[in-house]
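Here are my notes on this one, jotted down as numbered points. Have the structure open while you read.

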Amino acid sequence: MRYNSYIELSQKSLAKNINYLKQIIGPNVTFVSVIKGNAYGHGITEFVPLAEKCGIDFFAVFDVFEAQQAYSVKREGTHVMIMGMIHGEDLPWVLSNNCSFFVSDLNTLQNVVSIAQELKKRAFIHIELETGLHRTGFEEDELPSLVEIINRNSDNISVEGLCTHLAGAESISNYVRIHSQMGIYERVKEWMKKQGILPTYFHVACSAAALMYPESRMNMVRIGIAQYGYWPSKETKIHKLLSDTSQYKRNHLHSMLAWKSTVSGVKYVSPGEFIGYGNMFQTTKQTKIATIPVGYYHGYRRSLSNVGHVLIRGKKAPIIGLVNMSIMITDVTAIPEVTRGDEVVLIGKQGTQKISVSSFSEQLNLVNYELLSRLPMQIPRYVTH
Ligand SMILES: *Cc1c(COP(=O)(O)O)cnc(C)c1O
């Protein structure tokens, strides 16, 4: 069966992104590839082997479902770490598979200890500290109990990491808050060492922090958005381009994803007619329209009605009228050669033209993160080189 739309993943762009990021973070820092949100819409099962080919052997997911997807395709020695909530009934799977995970409260830790004892397994935990994001993590007054439980159960608990998450490293307006978080982290880290807790990994950095705050890299970074080829924000992009000392400042991140479809039909409409449902768009001239079998069900935003563009035959074709559930209509009067079966680019390049995820997100006032991760799972992902 042939799908009405599909996503292409570029192995070459991913390799370029990872090389660039590795060169920035240096050789002694473990690169954790963050693949929550279905690998930011790229598809966990397709993305993991691609990243492994680029030398990645450590992935971070949000939940057990995502961890199991990664396990279903990963290489033997590849590590997976769960950063979000784990239900008690899933802990046996997590422990039996030596999957590492964040722990951010004492109840969970007690539960982990008893299941680990029962299964005669060792749990590889990353202690998540509350440093100012005010989301998840151990408060300072819980630390003595935490240390006591860990030290009492050293046969069943290994502290693999000590971590926290920063509150918006992509924007300079959060500078003071980020600095305060790093200060708290360093203080707790020293205190933990004195209590005999010696984690292997120290990590706080997401993409933006790894790019903007060298001291945040420590010996592990958790890179999400940047590896897929997107800057966490305009600020980080400008900061990096300005600090590039070479004569030709280059954008080193290449979006690795394209979303494509096919023209399903063309026809001509006389002047003065309304296109599609309702009266959102009325022709003012003889108009050639092309239908595309993609709609909001497939993740194409309805708010792009009368606003968005697609690429056909290397040219931009505006979307006219409403984006429907499974179909949308474009004006191809200016591209008279268009016929049924032509390739349509919804996101990506065609000829010299490009529709970027960020152009989308600017029109819709969305962040790249949301747009990417909402690409539906059922669209097939194909690898290109
Ligand atoms: C999503 C996430 C990251 C990665 O963030 P990016 O900005 O995409 O690099 C890192 N750490 C945690 C805890 C996350 O949830």
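1. A word on terms before anything else: helices (H or I, at least four residues) and strands (E, at least two) are DSSP runs, numbered from the N terminus. With that in hand, Y3 sits in the segment before β1 (5-10). This is a predicted model, so local features need pLDDT of at least 70 and side-chain atom pairs count only at pLDDT 80 or more, while totals for chains, interfaces and linings use all residues. Residues are numbered from 1 along each chain as its sequence is written, and side-chain values use heavy atoms, with hydrogens and water left out.

2. The overall picture. The protein chain has twelve helices and 18 strands, and its C-alpha atoms fill a box of roughly 80 × 50 × 35 Å along the principal axes. Of the 385 residues, 53% are buried; buried here means under 20% relative accessible area, exposed means over 50%, and partly exposed is in between (1.4 Å probe, protein chains only). Contact means heavy atoms within 4.5 Å. Among contacts between residues at least 6 apart in sequence, 67% join residues at least 24 apart.

3. Surface and charge. The chain carries 39 positive and 33 negative side chains, with the centres of the two sets 10 Å apart. For that count, Lys and Arg are positive and Asp and Glu negative, with His and the chain ends not counted; the place of a charge is NZ of Lys, CZ of Arg, CG of Asp or CD of Glu.

4. Back to Y3. Y3 is partly exposed, at 39% relative accessible area. Together with M1 and Y382, Y3 makes a nonpolar surface patch of about 390 Å². Patches are made of residues with over 30% relative accessible area and no salt bridge, with like charges joined within 9 Å and nonpolar side chains (Val, Leu, Ile, Met, Phe, Trp, Tyr) within 5 Å.

5. Is T131 buried or exposed? T131 is buried, with a relative accessible area of 4%, and lies in the loop between β6 (123-128) and α7 (143-152). Leaving aside residues up to four places away in sequence, T131 touches T164, H165, Q181, I184 and Y185. T131 and I184 are 53 residues apart in sequence, yet their C-alpha atoms are 6.0 Å apart in space.

6. L198, in contrast, is 13 residues away along the chain, and the C-alpha atoms of L211 and L198 are separated by 27 Å.

7. Please check the backbone in helix α2. Most residues other than glycine have a negative phi. A39, in helix α2 (residues 36-40), has a positive phi near 55 degrees. Y40 is also found in helix α2, and its phi is positive as well, at about 50 degrees. A39 is buried at 0% relative accessible area, and Y40 is buried at 7%.

8. How many salt bridges does the structure hold? Eleven, where a salt bridge is a side-chain nitrogen of Lys or Arg within 4 Å of a carboxyl oxygen of Asp or Glu. One of them pairs E52 with R75, the closest N and O atoms being 4.0 Å apart. E52 lies in helix α3 (residues 44-53) and R75 in the loop between α4 (64-73) and β4 (79-82), so the pair ties together parts that are 23 residues apart in sequence. E52 is buried at 5% relative accessibility, whereas R75 is partly exposed at 47%.

9. E148 and R152 meet in a salt bridge (2.8 Å, N to O); both lie in helix α7, four residues apart, about one turn of the helix. R301 pairs with E370, the closest N and O atoms being 3.9 Å apart. Finally, E8, K260 and E343 are linked in a network of salt bridges.

Key: Accessible areas come from the Shrake-Rupley method with a 1.4 Å probe; for residues, only the protein chains shown count as cover.
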